[in-house]
Amino acid sequence: EGDETPLPSPYEFQATTGAGVTAWLRSTALAGIAAERWTSAESPVDRRLVVGNLRQLTEAGCVVSAVWRDGVTRLSERGQTPLLVAVDAEIVGLIGLRDEVREESGAVLQRLRELGISRFALLTGDRAAPAAAVVRELGAMAYVATEQTPDDKHRWIEKERGAGRCVAMVGDGIN
């Protein structure tokens, strides 16, 4: 709600695996957001837009106040992945995301169990609370690892293969 001014395309963009994104854009659309020093709506200004987890925002030089940290905690406790939004170094918003488990996932796992596959693992980039929500929905997992990057997941798979296990991975296409 509020101002629905579309943001321009960034002139530079950087994704940090497992953490978030940073975009640099030139616009009058962000003028007046969050601080008095951004009041010039007449000429475009360069802005850094950061959307990511707590680590991403901290590494971007943002000071995360107790109010924002409390919001992050509340979203996490509800099984959501919290993403903070900052313009330059000032946090201006918080978004909660939650992946929905596909409707057929439980049935697929049950069928695999019936076929004799007994060991399942959940490797996720999410924090512990969203992962726990998935485990509650899908059933017990032999191994759960949270806040994993694609490289972490790859290392885990290679370790399991090195131990002589046959490994199959199902993902959301990001990895």
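Leaving aside neighbours within four places in sequence, Ala-23 is in contact with Pro-10, Glu-12, Phe-13, Arg-47, Arg-48 and Leu-49, where contact means heavy atoms within 4.5 Å. Ala-23 is found in strand 2, and the residue is buried, with a relative accessible area of 8%; buried means under 20% relative accessible area, exposed over 50%, and partly exposed in between, with a 1.4 Å probe and protein chains only. Between Ala-23 and Arg-47 there are 24 residues of separation in sequence and 8.3 Å in space, C-alpha to C-alpha.

The model is predicted, so that local features need pLDDT of at least 70 and side-chain atom pairs count only at pLDDT 80 or more, while totals for chains, interfaces and linings use all residues. Residues are numbered from 1 along each chain as its sequence is written, and side-chain values use heavy atoms, with hydrogens and water left out.

**Fold and strand pairing**

The protein chain has five helices and seven strands, in the order β-β-β-α-α-β-β-α-β-α-β-α along the sequence; helices (H or I, at least four residues) and strands (E, at least two) are DSSP runs, numbered from the N terminus. Of the 175 residues in the protein chain, buried residues make up 31%, and among contacts between residues at least 6 apart in sequence, 46% join residues at least 24 apart.

Two strands pair if DSSP finds at least two bridges between them.

| Strand 2 (residues 20-27) and strand 3 (residues 45-52) | eight bridges | Trp-24 with Arg-48 |

**Nonpolar cores and cysteines**

In soluble globular proteins, nonpolar side chains tend to be buried together. In this model the largest nonpolar core has nine residues in all, namely Val-50, Leu-57, Ala-60, Cys-62, Val-64, Val-72, Leu-84, Ala-86 and Ile-91; such a core is a set of buried Ala, Val, Leu, Ile, Met, Phe, Trp, Tyr and Cys residues joined through side-chain atoms within 4.5 Å. A second, separate core of eight residues includes Val-101, Leu-122, Val-134 and Leu-138.

Cys-62, a member of the largest core, is buried, with a relative accessible area of 7%, whereas Cys-166 counts as exposed at 82% relative accessibility. The structure holds zero disulfides, a disulfide being a pair of cysteine sulfur atoms within 2.5 Å.

Because Tyr-143 lies in strand 7 (residues 143-145) and Trp-156 in helix 5 (residues 150-162), the pair ties together parts that are 13 residues apart in sequence. Tyr-143 counts as partly exposed at 33% relative accessibility, and Trp-156 counts as buried at 16%.

Elsewhere, Arg-26 lies over the face of Tyr-11, at 5.0 Å from the ring centre; a charge sits over a ring if NZ of Lys or CZ of Arg is within 6 Å of the ring centre and within 35 degrees of the ring normal.

The loop between strand 7 and helix 5 holds Thr-146 and Glu-147. Thr-146 counts as partly exposed at 25% relative accessibility, and, not counting residues up to four places away in sequence, Thr-146 touches Thr-124, Asp-126, Arg-127, Ala-128 and Ala-131. Thr-146 and Ala-128 are 18 residues apart in sequence and 5.8 Å apart in space, C-alpha to C-alpha. Glu-147 counts as exposed at 53% relative accessibility, and the phi of Glu-147 is near 55 degrees, a positive value in a residue other than glycine.
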